[in-house]
Every structure is written in C-alpha cells, then in structure tokens.
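Here is a short report on one protein model. Please keep the sequence and the structure in view while reading.

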Amino acid sequence: MTFKEQILQGIPEKLPAPKPYPADANRAPLRKDILSVEEKQLAIRNALRYFPKEWHNELAPEFAQELKDYGRIYMYRFKPDYKMYARPVEEYPAQSHQAAAIMLMIQNNLDPEVAQHPEELITYGGNGAVFQNWAQYLLTMKYLATMTDEQTLNLYSGHPMGLFPSSKNAPRVVVTNGLVIPNYSKPDHWEKFNALGVSQYGQMTAGSFMYIGPQGIVHGTTITVMNAFRKILKKGETAAGKIFLTAGLGGMSGAQPKAGNIAGCISICAEVNPKAATKRHKQGWVDLLIDNMDELIARVKKAQADEEVVSIAYIGNVVDVWERFDKEDIYVHVGSDQTSLHIPWTGGYYPVGVEFEESNRMIREEPEQFKVKVQESLRRHAAAVNNHTAKGTYFFDYGNAFLLEASRAGADIMAENGIDFRYSSYVQDILGPMCFDYGFGPFRWVCTSGKPEDLDRTDQIAMEVLQKIMENSPEEIQLQMQDNITWIKEAKQNKMVVGSQARILYADAEGRAKIAQAFNDAIAKGEIGNVVLGRDHHDVSGTDSPFRETSNIYDGSKFTADMAIQNVIGDSFRGATWVSIHNGGGVGWGEVMNGGFGMVLDGTPEAENRLKSMLFYDVNNGIARRSWARNEEALFAIKREMKRRPDLKVTIPNLVDDALLDGLFE
Ligand SMILES: NC(=O)c1ccc[n+]([C@@H]2O[C@H](COP(=O)([O-])OP(=O)(O)OC[C@H]3O[C@@H](n4cnc5c(N)ncnc54)[C@H](O)[C@@H]3O)[C@@H](O)[C@H]2O)c1
C-alpha cells in the first residue's frame, strides 16, 4: 500500500499483527496505576470502541496488559509502518490544502527526530501528547485527508469527534486538550482521565502540532539571558568576561549554554546527570565538560582573566558550585536555575551531598527520605544564592518553580512583606516588561514545500521587513527590534532546524502582520510554496499562567483565564486555520490555560484578509489586558496600536495616587 492509501484507510480493514516496542526506544515514564478494577474495565471498554467487535477478544487482553505495564493504553500495534516525518505538503492525500498542511504539522510533532517519546505519541515535556493512542492518530489523518474546506474537525484531547459542516472562513480544526470542570483539575485527575482514555495533557505546542524542535527554546533563552545582562550592565559595558551561573542541561535547560555563548558571557551550567551533560557536549551545545571542582575554579578564573566567551558544563550538583564560588569570592553577575523543580520528588531535582545513583535508588525505595533530602538541599541552595545576591548578583527564577519549592521547604526566600518572593521570575523582570507587554513574542512559520531554499527566502524576507519597520520604531522597542534582526540574520548559520523547515522569530503585532503579508505576496508570485504561521503558546495573549506568562500582572487578575479563552475564540472567527486551547503546559495541569493557532498562507487575497484580521487581534488582545492591569509598557504599546488602527478602541485605566489609599481602612 502507498503512503496515501494507508492514510486514507484510517483504521486498517485487517487487524494488524501485534508489534513489540523497539528495544532502543526512549520510552515515556511509567504512569501511575491509579484506576480501580471497575475503572480499568471502563478504560478497556473505552479503548475497544474504536474497533469492530470481532477484534475485541484479541485486543482486550492486549490493552489490559498495556494498562498494567505502562499505566496507559497506547494501542501500539496500530502504529503505522511508514516513516513518520513532515513530508512536502503535496505528498499528503487531501481535498483541502489547509488540511494537508495540518497533516504535515502532526507528522512533524511525531517525528522521532523531533519527538521525545514518539512510540507513546509524546512530543516533549514527558507528557505533552499529540494523541492519546494510535487509533486517534489514524482516524484523525483519515478525516483530514477526506475533509473539504466547508467542514471542521473537532478534536477532544486527541479524540476526533468528527467532521461538522462549517464554512470556508471557519477553522479546519478545533483542538481542546485537558479541559475539565475546574474542581477536577488536580494532577491525579489528569492521571485518571488519561488512563481512562478521555483526556490528555497537550503541553503547549505538542497538542496543537506547533512544536518545531529546540530552536524555539534557544531563541527564547537567548533573549532572556541577553536581557538579564542588560539589566545589570552599565552603559557601554558588554557581557564579555562576566559570569552566568545556572543548572540543568536537559530538554529545555540544555539551551542555556548556547544562549550564553550568543549573549557573549562565560556560562557555567551544573548538571548532575553525566549522560545529559555528555549529550549536550557532543551536540556542540556546550563547549567544555568538567567534572572536578578545583579544575572548574581554575578554568573559570582563566576565562575571566581572558574575557572569554565560553560555556562550561560542570558535572555535579549546582549547590556545590554556588557554595564554592562564594568561598572563592568568584563574582556571579547573573544567576538562575533550570532544574525540573515542577516535579521535585521524582528526579526533577537532585539533592546536594547524595550521589546521583543513590538519589535514583532513594526515589524508588525511600521516597519519603528522598523528599527530606530535597528540602534540605533547597534550603542550602537558597542560602548560597542569598550570599551571592548580597554581594550584588542578579538572580531570577526561570519558571521552574525554584522559589515556590524552596519556600515550601522553609528556605529563606520570602520578601519582607511575607507574600512575595525575594527574587522575581524571568517573566516578571524580563520577558513580561521587555517583550510581552510590547507585543513581542515567539512567532514562527513552517515552509510546507519542505525545501531549505524556501526557508532561506523567508528568512531574507523577514529580515528586510524588520529592517524597514525599525527605521521608524520608537526608542522603547529599538533594542528588541535589533535583537530580532540579529537573530534572523544568524538563524541559518546557527543550524537550528530539526524536522520541518521552520523558523522562530520574536516579533510584535506590526512585525508579525507585515512579515506574513510579505510571505503571502511571495507565495502569490510563486517564489515560495505555502507557509504555515503559528506561535508558541508562551506568548503575549494566548496563556493565562499566574506563575509564568501572566506573573507580571499585578491587578489581582492573574488567576483568571479570560484572556486565553477570549483569544482562542477571537482567533477562530478571524481566520485561523486551526485553534487550540489547553489546560496544563509547562507549569502543570490545573496551573495554566494556554492556547494557540495555525494559519495557512496560500498567496490568495482571502489569506491576506485572514492574516490582517487575526494576527492583529492575536497580539493586541493580550496587550489590552496587560495595559488594563496598568503595565506601563503595555499602556504605551496599546496607545500606539490605537493610533495605527483607529478602529481599535480599548478601555484605558485611570491611575490612582498611592496617597489616596493610605489610611482608607485604618
Ligand atoms: N527554557 C525555558 O524556556 C523554560 C521556560 C520556562 C520554564 N522552564 C522550566 O525549566 C525546567 C527544566 O526544563 P527541562 O526541559 O530542561 O527539564 P529536564 O528535566 O530535561 O532538565 C533538568 C536537568 O536538571 C538536572 N538537575 C536536577 N537537579 C540538579 C542539581 N541539583 N544540580 C545540577 N543539575 C540538576 C537534571 O539532571 C536534568 O538533566 C522545567 O521546570 C521547565 O518547566 C524552562
């Protein structure tokens, strides 16, 4: 059977043979055995509803075994045999070229080069699922291959509910992931609903098919590290010879040394797992590997003296580094941490003074004792950081729950008011005021032809557009514009493409729309093939997340989720080709609502209307909310946008004098 025939058949007519998992597969973590016997029976009943009755006798015991062995039913025997990767778009069977582009994006998110646990349909973050099982994948691809531009596919946490009649202007796909009644949004609810096969964790871009590999993280981390240095550098000073100390060389954290090099500093990244450190070194993401503390000290002093730009991976515990640097009086200019403290008890954070292997044993055999060790370590960790900040180090929380867990461990990490933390998060200090409040965020695109030449051409177009805009940019955003021009100029040589021909570029509403318009014109002229636009959910408007994306909202509304929901509804009727809204992503289930979109540009006037209408709204919805929360930069940005588009009318807050409030309630 050809690839097209296989897609069109959906669930095969003949029951495929059972398939063993490949021995070298990077398997998803074993999930909790959380269901009662009755619930396990329900999970099997749910799984079997995808298949004809005559297969049930054979499949029921196999699915029961999967549930016992892995805590989930992935239906692995139904994984197709063809190679999984983003094909050039014309290779997909389709009646709708929009649907074909979505198929390309789905396959990219399941490509073993891109995805973390492709066998279990997990793209990143350990649990960021595209689908819950292979039957959902097969059915969805068939629906996409057969649908027209007057139908919309509804995906409920990976399950294709079906094609519904709609119109050419409607999205082709509407995705919801992990949406639950708010009282049922604790992590164990996810474990249970996911095991039952009725819900999934879509992370951010996994469940919306918009993940483009490590390039997105490198760009975001570079912007963060560069701007962190800007906060402390005096006029005319550079980061040369200055130190950035942090931890973690894992999935996202592994981008830190690369970002440090681009920012031009000395970065020291501690990593307890030698395998993770060696992998990043082999990939060229970190320059040096050192596993001896004395050697590290000597090498850092040399780098300081020579004002080198170098990244060093220290194989060991980060707490040891903070403490020893304090003793040696090595001045750390910028400090952070990217251990996985959002999962502190299961290997996200390794306690100081306990060998790596011993920690792994304790996690399995003495979980309570391990928790005690983690909390002891966090208190030491915070104390060492405090010693450095007392000398002037700028420390920020990297959205990994370091401050939250340190505070829960009783570390000295609270501000004087006893409510806030002593240090800010990267969104509060850097990404929020410097990027999101002005509308800058992780815009991205994918060239559906699969041709690297098309990507080169789009890089060139984007750079020219930004350069032109910058000629008249206000001073407030000149730095951001310059950073983004530098990034796009160097993007090709940074060799960041893994999987589809994709590019990320921080841009504001004006930049995004003008770049998109220029792409659409180039498509119309036949210079390039169709382009998919999208963005990370970690952006201006798409995400309500009180400890990350909206942590710099101070009017008490950071625990509301109106912005994310308004955004997905607003995008869907302004021209998005697909929209998605998720519970969970980055900081955990129940902690965040996040949404995104995809938009296919095909060079038509209709595509031009769509991009003009939707991209403007997709950014300005969030700026409006941020300005209503009295964020100074957002107030500046929204007033500017209202001048640019007189039909935008946003409610502007009146500011209140502090003195007026004093004594009102005494
Ligand atoms: N990079 C970003 O843009 C970004 C943004 C927001 C949040 N985060 C957060 O950063 C964290 C890290 O993400 P990840 O994907 O890299 O996770 P990961 O688990 O793949 O990597 C974390 C690494 O830290 C190491 N580690 C744990 N404890 C250590 C210790 N005490 N000393 C030295 N090394 C230690 C682990 O061995 C692991 O390799 C997550 O909590 C994530 O949510 C990252």
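The sections below take up a sheet, a helix pair, a pocket and the cavities.

## The model

This is a predicted model. The values below are computed from it.

Strand 6 covers residues 243–247, and strand 10 covers residues 334–335. The two run parallel and are joined by 2 bridges. In one of the pairings, F244 has V334 of strand 10 as its bridge partner.

## Helices on the sheet

## Helix 2 against helix 6

How are two packed helices described? The angle between their axes and the distance between the axes are used. For helix 2 and helix 6, the packing angle is about 45 degrees and the axes are 8 Å apart. Angles of 65 to 115 degrees count as roughly perpendicular and those under 35 as roughly parallel. Helix 2 and helix 6 are therefore oblique to each other.

Helix 2 brings E39, L42, A43 and N46 to the contact. Helix 6 brings K192, A195 and L196. By class, the contact has 4 nonpolar, 1 polar and 2 charged residues.

## The second largest pocket

The second largest pocket holds about 350 Å³ of space. Its lining has 28 residues. Q132, N133, N194, G197 and V198 lie nearest the centre. The lining divides into 16 nonpolar, 8 polar and 4 charged residues.

Which elements give two or more residues to the lining of this pocket? They are helix 2 (37–48), strand 4 (159–165) and helix 6 (187–196). Helix 6 supplies the largest share, 4 residues.

## The cavities

The model has 2 cavities of 30 Å³ or more. The largest cavity contains about 70 Å³ of space. Its lining is made of Y438, I477, D508, A509, E510, I623, F636, A637, R640, E641 and R644. By class, that is 6 nonpolar, no polar and 5 charged residues.

Two or more lining residues of the largest cavity come from each of helix 19 (509–524) and helix 22 (632–644). Helix 22 gives the most, with 5 residues.

The second largest cavity has a volume of about 40 Å³. It is lined by K32, D33, I34, L35, K40, L67, G71 and A195.

Notes: Residues are numbered from 1 along each chain as its sequence is written. This is a predicted model: local features need pLDDT of at least 70, side-chain atom pairs count only at pLDDT 80 or more; totals for chains, interfaces and linings use all residues. Side-chain values use heavy atoms; hydrogens and water are left out. Two strands pair if DSSP finds at least two bridges between them. On a 1 Å grid over the protein atoms alone, a cavity is a set of points where a 1.4 Å probe fits but cannot get out, and a pocket is an open set with protein on both sides within 12 Å along at least five of seven lines; lining residues have an atom within 4 Å of a point. Grid points are joined across faces, edges and corners, and a volume is the space filled by probe spheres set on the points. Ala, Val, Leu, Ile, Met, Phe, Trp, Tyr, Cys and Pro count as nonpolar, Asp, Glu, Lys and Arg as charged, and the others, Gly among them, as polar. Axes are lines fitted to C-alpha atoms, for helices over the stretch in contact, and angles run from 0 to 180 degrees between N-to-C directions. Angles under 35 degrees count as roughly parallel, over 145 as roughly antiparallel, 65 to 115 as roughly perpendicular and the rest as oblique. Contact means heavy atoms within 4.5 Å.
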